Amino acid sequence: MFASLHTATLATRRVQTAGSAPRLWTLVRSALAAHRQRQFLARLDDRTLADIGLTRDQAVSEAQRPMWDIPANWNGRILA
């Protein structure tokens, strides 16, 4: 029992330390990508926004979201 508990503790520590930096980097990259996309969306003209089914107000509202507020469907990519 002691050996398996010790092994599990070591494995958990290794995953926690090895996974933290890459996950953080992925989160930062995703937040920056979301910010760039939102700023690009805000610069689109009304005709282009209509083509993709958005109003000017919706585009502005999306562009004003904080950069760390990433879409929920991106979470699988970040946490996996």
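**Core, charges and surface**

Modeller: The largest nonpolar core has five residues, namely Ala31, Ala33, Ala34, Ile70 and Trp74. Please keep in mind that this is a predicted model.

Biologist: Which residues does alanine 34 touch, not counting residues up to four places away in sequence?

Modeller: Alanine 34 belongs to the largest nonpolar core, together with Ile70 and Trp74 among others. With residues up to four places away in sequence left out, the residues that alanine 34 touches are Met67, Ile70 and Trp74.

Biologist: How many helices and how many strands does the protein chain have?

Modeller: Read along the sequence, the chain follows the pattern α-α-α-α. The secondary structure therefore comes to a count that can be read from this pattern, in which helices are runs of at least four residues. The totals are zero strands and four helices.

Biologist: Does arginine 38 count as buried or exposed?

Modeller: Arginine 38 lies in helix α1, which spans residues 2–43. Its contacts beyond four places in sequence are Glu62, Ala63, Arg65, Pro66, Met67, Asp69, Ile70 and Pro71. Buried means under 20% relative accessible area. Because its relative accessibility is 4%, arginine 38 counts as buried.

Biologist: Which residues are linked with Arg38 in a network of salt bridges?

Modeller: The structure holds four salt bridges. In one of them glutamate 62 pairs with arginine 65, the closest N and O atoms being 3.0 Å apart. Aspartate 69 also forms a salt bridge with arginine 65, here with 3.1 Å between the closest N and O atoms. The residues linked with Arg38 in the network are Glu62, Arg65 and Asp69.

Biologist: Which residue forms a salt bridge with arginine 56?

Modeller: Arginine 56 counts as partly exposed, with 28% relative accessibility. The closest N and O atoms of its salt bridge are 3.1 Å apart, and the partner is aspartate 46.

Biologist: Which helices hold the two residues of that pair?

Modeller: The salt bridge joins arginine 56 and aspartate 46. The pair links distant parts of the chain, ten residues apart: arginine 56 is in helix α3 (residues 56–63), and aspartate 46 is in helix α2 (residues 46–51).

Biologist: How far apart in space are alanine 63 and alanine 42, C-alpha to C-alpha?

Modeller: Alanine 42 is placed in helix α1, whereas alanine 63 is placed in helix α3. Alanine 63 touches Arg38, Gln39 and Ala42, not counting residues up to four places away in sequence. Although alanine 63 and alanine 42 are 21 residues apart in sequence, their C-alpha separation is 5.9 Å.

Biologist: Is alanine 42 buried or partly exposed?

Modeller: With residues up to four places away in sequence left out, alanine 42 touches Arg56 and Ala63. Alanine 63 is buried, because its relative accessible area is 13%. For alanine 42 the relative accessible area is 28%, and so this residue is partly exposed.

Biologist: Which residues form a nonpolar patch on the surface?

Modeller: Tryptophan 25, whose place is in helix α1, is one of its members. Tryptophan 25 counts as exposed because its relative accessible area is 52%, the limit for exposed being over 50%. Together the patch residues have about 460 Å² of accessible area, and they are Leu24, Trp25, Leu27, Val28 and Leu32.

Biologist: How far apart are the end C-alpha atoms over residues 24–59?

Modeller: A UniProt annotation from an unreviewed entry, "domain: YjiS-like", covers residues 24–59. Over these residues the chain is 83% helix and 0% strand, and the separation of the end C-alpha atoms is 28 Å.

Biologist: Finally, what percentage of the residues of the protein chain count as buried?

Modeller: The chain exposes about 6300 Å², of which carbon and sulfur atoms supply 62%. Of its 80 residues, the share that counts as buried is 16%.

Definitions and conventions. Residues numbered from 1 in each chain as written. Predicted model: local features only at pLDDT ≥ 70, side-chain atom pairs only at ≥ 80, totals over all residues. Heavy atoms only, no water. Core = buried A, V, L, I, M, F, W, Y, C linked by side-chain atoms within 4.5 Å. Buried < 20%, exposed > 50% of the residue type's maximum accessible area, 1.4 Å probe, protein only. Contact = heavy atoms within 4.5 Å. Salt bridge = Lys/Arg side-chain N within 4 Å of Asp/Glu carboxyl O. UniProt positions renumbered as here; feature names shortened; annotations may be inferred. Patch = residues over 30% accessible without salt bridge, like charges linked within 9 Å, V, L, I, M, F, W, Y side chains within 5 Å. Areas by Shrake-Rupley, 256 points an atom, 1.4 Å probe, with all protein chains shown as cover.
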